[in-house]
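Welcome! Have a look at the structure, then try each task before reading on.

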Amino acid sequence: MIKPTKADLAAARNTTISDVISPELDVLFCGINTGLYSAATGHHFARPGNRFWPTLHRSGFTPVLFSPDQELELISLGYGITNLVDRATATADELEKEELHEGGKRLLRKLQVFRPKVLAVLGISAYRTAFSQPKTTLGRQPELLADTIVWVLPNPSGLNAHFPPVKLAEVFRDFREELISTGIIEG
């Protein structure tokens with residue numbers, strides 16, 4: 001992957017990138033929105049310092065450490081990536097509440113079409129806002145969305161100081177092990 005320039009990053013503002021998705025995935029990982037670095041490269045979780053790819057590997061979701069430009073390989077493992085909000089911004093703080101609400105509605109339509117077994121939302125605050133669930137905690141949610149199990153996980157952004165890399169991988173590993181032990185996905 002070529003490192004984007006400042007001009008590339010500026011040009012990426014408000015653009016979108018394609019979902020990594022196909023019907024009936026085991027887990028659809030859902031970020032908040034695309035960052036400028038990811039939008040400039042065209043790959044999800046591409047910013048150096050984002051811990052998504054290392055966390056997937058450390059927790060056992062991927063057999064090797066994928067780079068962002070290998071994101072399509074997730075499909076063959078039964079995983080995909082989407083976002084609540086399509087619009088690229090420098091930080092998720094730039095999103096309006098209404099954008100998150102609309103993103104939740106759009107995500108619900110994707111779930112109805114693609115029917116993944118599990119939706120893993122990466123960011124508790126965004127989930128709370130998008131689905132008007134202010135008391136949500138991390139973990140499996142009691143309600144299904146379009147017959148899809150919903151799990152809320154910490155945001156893998158390097159800015160998330162509440163979850164250092166080891167703790168983040170532990171949460172994702174526990175999530176994966178719970179899915180396997182309950183027969184939702186195969187090990």
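**Exercise 1. The sheet**

In what order do the five strands of the open sheet lie?

Solution. Keep in mind that this is a predicted model.
- Step 1: Read across the open sheet, and the order is E2-E1-E3-E5-E4, with mixed pairing.
- Step 2: Look at the two ends of that row. E2 and strand E4 (139–140) are the edge strands, as each pairs on one side only.

**Exercise 2. The neighbours of E1**

Find how E1 pairs with E2 and with E3, and name some residues that stand opposite each other.

Solution. 
- Step 1: Start with E2. E1 pairs with E2 in the parallel sense, over seven bridges.
- Step 2: Pick out residues along this pairing. Gly31 has Asn83 in E2 as its bridge partner, and Gly35 stands opposite Thr89 in E2.
- Step 3: Turn to strand E3 (residues 118–122). The pairing of E1 and E3 is also parallel, and it runs over four bridges.
- Step 4: Phe29 stands opposite Ala120 in E3, while Cys30 stands opposite Val121 in E3.

**Exercise 3. Buried or exposed?**

Decide whether E1 and E2 are largely enclosed, using the number of buried residues in each strand.

Solution. 
- Step 1: A residue is called buried when its relative accessible area is under 20%.
- Step 2: Count for E1. Eight of its nine residues are buried, so E1 is largely enclosed by the rest of the structure.
- Step 3: Count for E2. Nine of its 11 residues are buried, so E2 is largely enclosed by the rest of the structure.

**Exercise 4. Helices on the sheet**

Which strands do helix H5 lie across and helix H7 touch?

Solution. 
- Step 1: Find helix H5 (residues 97–114). Helix H5 lies across E1, E2 and E3, and runs at about 150° to E2.
- Step 2: Find helix H7 (residues 165–181). Helix H7 packs on the sheet and touches E1, E3 and strand E5 (149–153). The directions of H7 and E5 make an angle of about 165°.

**Exercise 5. The largest pocket**

Describe the largest pocket by its space and its lining.

Solution. 
- Step 1: Begin with the space. The largest pocket holds about 1000 Å³.
- Step 2: Go to the lining. It has 41 residues, and the closest to the pocket centre are Ile32, Ala92, Asn155, Ser157 and Leu159.
- Step 3: Ask which elements take part. Strand E1 (27–35), helix H2 (36–41), strand E2 (79–89) and helix H6 (124–130) each give two or more residues to the lining. E1 gives the most, with five residues.
- Step 4: Sort the lining by residue type. There are 20 nonpolar, 19 polar and two charged residues.

Terms used
Residues numbered from 1 in each chain as written. Predicted model: local features only at pLDDT ≥ 70, side-chain atom pairs only at ≥ 80, totals over all residues. Heavy atoms only, no water. 1 Å grid on protein atoms, 1.4 Å probe; cavity = no way out; pocket = protein on both sides within 12 Å on 5 of 7 lines; lining within 4 Å. Points joined across faces, edges and corners; volume = space filled by probe spheres on them. Nonpolar A, V, L, I, M, F, W, Y, C, P; charged D, E, K, R; others polar. Pairing = 2+ DSSP bridges. Contact = heavy atoms within 4.5 Å. Axes fitted to C-alpha atoms, helices over the stretch in contact; angles between N-to-C directions. Buried < 20%, exposed > 50% of the residue type's maximum accessible area, 1.4 Å probe, protein only.
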